[in-house]
Amino acid sequence: MVDECLRRIGRLSQMIHLMAEHAKDIIVMQLLFKQKFPHVKIRPYPPPPKKGGISWLAKNVEKLIITALENRKSKHDCIVVLHDADLQTRPHGRNDYEKVALICKKYRDDVIFIIAYDELEAWLLADSGLAQALNRKPKNYDNEIRPSKILNKWLEDTGRKHLTDEKIAIIEQILKGLDGTGDQHSPSLQAALKKLHDHDCLNEDTQKRL
Amino acid sequence: MLTQLRFKNWRSLRDVTIENLQPINVFIGVNASGKTNILDALYFLRHANTENGGGIVGGISQWGGFRKLHTVNTGENEIELAVSFKLHDKIAEIYEQYKIHFANGDDFPILFSYLLKEDGKSLYNPEPVSLPVKNFSRGGAFTRTWQDYYGRAIRDYARFYKTQRWQMLHEGFLPPLKDIQDSENITLNSIDPNARNVSFILNLMHRTRFDLFSKFNQDLLELLENVRKIEIESSFQETKIRLHEKKFEMPTVSFGTRRLIAMLAAMYLLDMDLSPLPLPYNNDTEFDDLENLPLAHMPGLVVIEEPDMALNPGLLRRLVGKFREFVDGEHPRQLILTTHNPIFLNYFEPEEIRIVERDDDGYTTVKPISKRIQEIWFEDEADPQALGDIWLMNVLGGLAD
């Protein structure tokens with residue numbers, strides 16, 4: 001009886017098919033999702049080693065979306081595409097960003113398109129747990145130039161390694177303390193989470209219907 | 001050549017059919033996804049067909065009985081294993097089904113049924129027998145009709161195919177370089193899954209088929225640039241494999257080199273026996289064509305778990321090239337491989353890959369790469385993609401998160 005119940009609970013679990021421009025972004029998002037949506041399984045689609053970036057995402061995002069549509073077990077599974085806004089550092093030459101946006105628009109019924117302002121690292125700088133572990137105060141860094149640089153400085157000051165694609169094997173150690181509270185300070189993370197909450201795949205009603 | 005495998009209630013394989021098997025088949029999946037359970041079913045079938053292994057009862061016992069063999073929590077107590085294969089131009093596709101019914105769990109009697117079909121038509125379907133019997137395959141009525149003779153002849157062929165044409169190497173196989181002669185316990189017509197008998201097989205090849213041994217030697221030297229020659233030294237007490245570098249005998253031989261020797265030995269072993277197949281039930285001239293089939297011309301199957309283990313990545317391309325030579329050779333072999341290595345995977349074709357995963361209920365599923373995924377990732381000539389890279393992007397599945 002207990003087994004049967006557990007089996008049924010297992011059946012109810014939702015899946016997020018997650019694609020992003022960097023392998024480290026995928027793992028960061030997995031850590032955040034683990035805090036925010038513990039009942040949801042993640043199927044990541046990371047760039048291959050030594051590849052990635054917005055050009056790579058622009059070139060592959062449609063194929064990845066089609067793949068996720070092919071792989072998803074239920075129409076209620078989410079497909080999430082994420083990249084940095086990079087508005088401060090790359091205000092011009094935005095073709096790849098526009099291409100990703102257009103493709104996500106084409107698949108808007110199935111895809112949740114999330115942009116981190118101005119970089120994903122701003123969401124980490126806004127996290128109370130991580131900030132405390134790094135002896136800093138969390139706040140809104142969405143409009144800062146290069147939050148990744150700020151984060152790496154924080155990490156360096158406390159003897160931790162920089163957060164880069166080359167260090168993904170130890171990302172959990174680098175970000176030790178992260179408690180998923182970044183949405184309290186980062187409006188762009190708040191908006192991203194709202195998009196996810198509002199979507200069919202994470203909606204409580206959908207869970208109940210299944 | 002194997003064309004289809006079917007498993008029901010076999011360990012984690014609740015109900016799995018693997019169709020359209022290719023000359024090369026590479027199973028990928030996370031650890032504990034069920035890859036070894038698939039290969040172990042083949043090994044079980046081979047074992048169950050050997051008389052010195054105790055037949056099916058010996059197999060059940062060696063594999064740990066009902067509780068270890070059977071899928072848990074299904075409410076069913078019957079295991080079904082079935083294989084389809086093509087043996088010869090003059091024989092249509094053969095389907096062989098084994099059912100083991102454990103009415104009382106591990107307690108005897110265990111009911112065993114066997115069904116043999118050719119081209120979908122029943123050929124041999126003896127009454128189910130209660131185990132233990134000394135030799136399950138001799139059970140059932142023998143009506144002495146032509147069909148019955150023919151069915152038994154095909155059944156014997158199928159048994160030869162499994163027991164002498166299936167060469168299997170388990171994941172941790174590692175041949176010893178020196179072994180004590182113990183003639184009573186040495187099998188020479190099939191490689192031991194742990195490769196314990198490789199030195200004896202090579203010794204036999206060296207003595208009776210020097211032509212094959214020379215080719216084996218040449219292949220090995222092509223793969224191992226620092227090795228000059230391999231020698232087999234045999235006395236009454238022991239058999240030794242010696243490898244020589246360019247200037248002196250190699251003082252140590254690495255795991256990878258020893259595993260390469262075992263893999264090539266398994267490949268070449270399939271060419272050793274050129275004797276025609278005996279057909280004990282053949283009293284009729286109508287089977288002449290079949291009787292003239294030498295054992296070495298019957299399709300061969302080589303199953304290797306993780307052939308890339310302990311090998312330099314630069315060697316993997318040449319190893320796959322060598323595999324392909326065997327697959328496309330005069331007496332083709334079929335390969336079933338497993339791997340966790342994306343670099344190794346790069347040298348295979350998408351249609352050769354099978355993805356092994358667990359479903360939400362914990363049962364193993366096996367699927368090929370879908371046509372759609374093949375189209376979008378591998379058929380764009382302007383943007384060629386390496387299979388291993390695509391696997392690492394988790395497009396195919398079978399990748400740990």
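## Chain A at a glance

Of the 210 residues in chain A, 41% are buried; a residue is called buried if 20 or more other C-beta atoms lie within 10 Å of its own, exposed if 12 or fewer, and partly exposed in between, with C-beta atoms placed from the backbone. Please keep in mind that this is a predicted model, in which local features need pLDDT of at least 70, side-chain atom pairs count only at pLDDT 80 or more, and totals for chains, interfaces and linings use all residues. To find your way around, note that residues are numbered from 1 along each chain as its sequence is written, while chains are lettered from A and ligands numbered from 1 in the order in which they are written.

Chain A contains 10 helices and four strands, where helices (H or I, at least four residues) and strands (E, at least two) are DSSP runs numbered from the N terminus. Along the sequence the pattern reads α-β-α-β-α-β-α-β-α-α-α-α-α-α. Among the contacts in chain A with a separation of 6 or more, 74% join residues 24 or more positions apart; two residues are in contact if their C-beta atoms, placed from the backbone, lie within 7 Å.

One backbone detail in this chain deserves a look: the peptide bond from Tyr117(A) to Asp118(A) is cis, and its omega is near -15°. Asp118(A) sits in the loop that links strand 4 (111–116) to helix 5 (121–125) of chain A.

## Where the two chains meet

Between the chains, 17 residues of chain A are in contact with 15 residues of chain B. On the chain A side, helix 1 (2–12), strand 2 (41–45) and helix 3 (54–71) each supply at least two residues. Helix 3 of chain A gives the largest share of that side, five residues.

By class, the chain A side has eight nonpolar, three polar and six charged residues. Here Ala, Val, Leu, Ile, Met, Phe, Trp, Tyr, Cys and Pro count as nonpolar, Asp, Glu, Lys and Arg as charged, and the others, Gly among them, as polar.

## Two domains in chain B

Chain B is assigned domain 1 (2–165 + 271–392) and domain 2 (169–269); these bounds come from an automatic or database domain assignment. The C-alpha centres of the two domains of chain B lie 26 Å apart. Across the boundary, 21 residues of domain 1 are in contact with 20 residues of domain 2.

On the domain 1 side, helix 1 (35–48), strand 13 (300–305) and helix 9 (313–328) of chain B each supply at least two residues. The largest share of that side, five residues, comes from helix 9 of chain B. The domain 1 side divides into 12 nonpolar, two polar and seven charged residues.

## The nonpolar core

The largest nonpolar core has 156 residues, of which Leu169(B) and Ala265(B) touch the most other members. Such a core is a set of buried Ala, Val, Leu, Ile, Met, Phe, Trp, Tyr and Cys residues joined through C-beta atoms within 7 Å. Helix 7 (residues 255–269) of chain B gives the most to this core, with 10 residues, and the core draws at least three residues from each of domain 1 and domain 2 of chain B.

Leaving aside neighbours within four places in sequence, Ala265(B) is in contact with Ile191(B), Val198(B), Ile201(B) and Leu202(B). Leu202(B) also gives a handy reference point for Glu222(B): the two are 20 residues apart in sequence and 18 Å apart in space, C-alpha to C-alpha. Glu222(B) belongs to helix 6 (residues 210–223) of chain B and is exposed because 12 other C-beta atoms lie within 10 Å.

## A helix pair in chain B

The axes of helix 1 and helix 2 (residues 55–62) of chain B come within 7 Å and cross at roughly 140°. Axes are lines fitted to C-alpha atoms, for helices over the stretch in contact, and angles run from 0 to 180 degrees between N-to-C directions.

By class, the contact has three nonpolar, five polar and no charged residues.

## Positive phi in two loops

Asn20(B) has phi near 50°, a positive value in a residue other than glycine. Asn20(B) is found in the loop between strand 2 (13–18) and strand 3 (24–28) of chain B, and it counts as exposed because it has 9 C-beta neighbours inside 10 Å.

Glu306(B) likewise has a positive phi, near 50°, and is not a glycine. The loop holding Glu306(B) runs between strand 13 and helix 9 of chain B. Glu306(B) is buried, because 20 other C-beta atoms lie within 10 Å.
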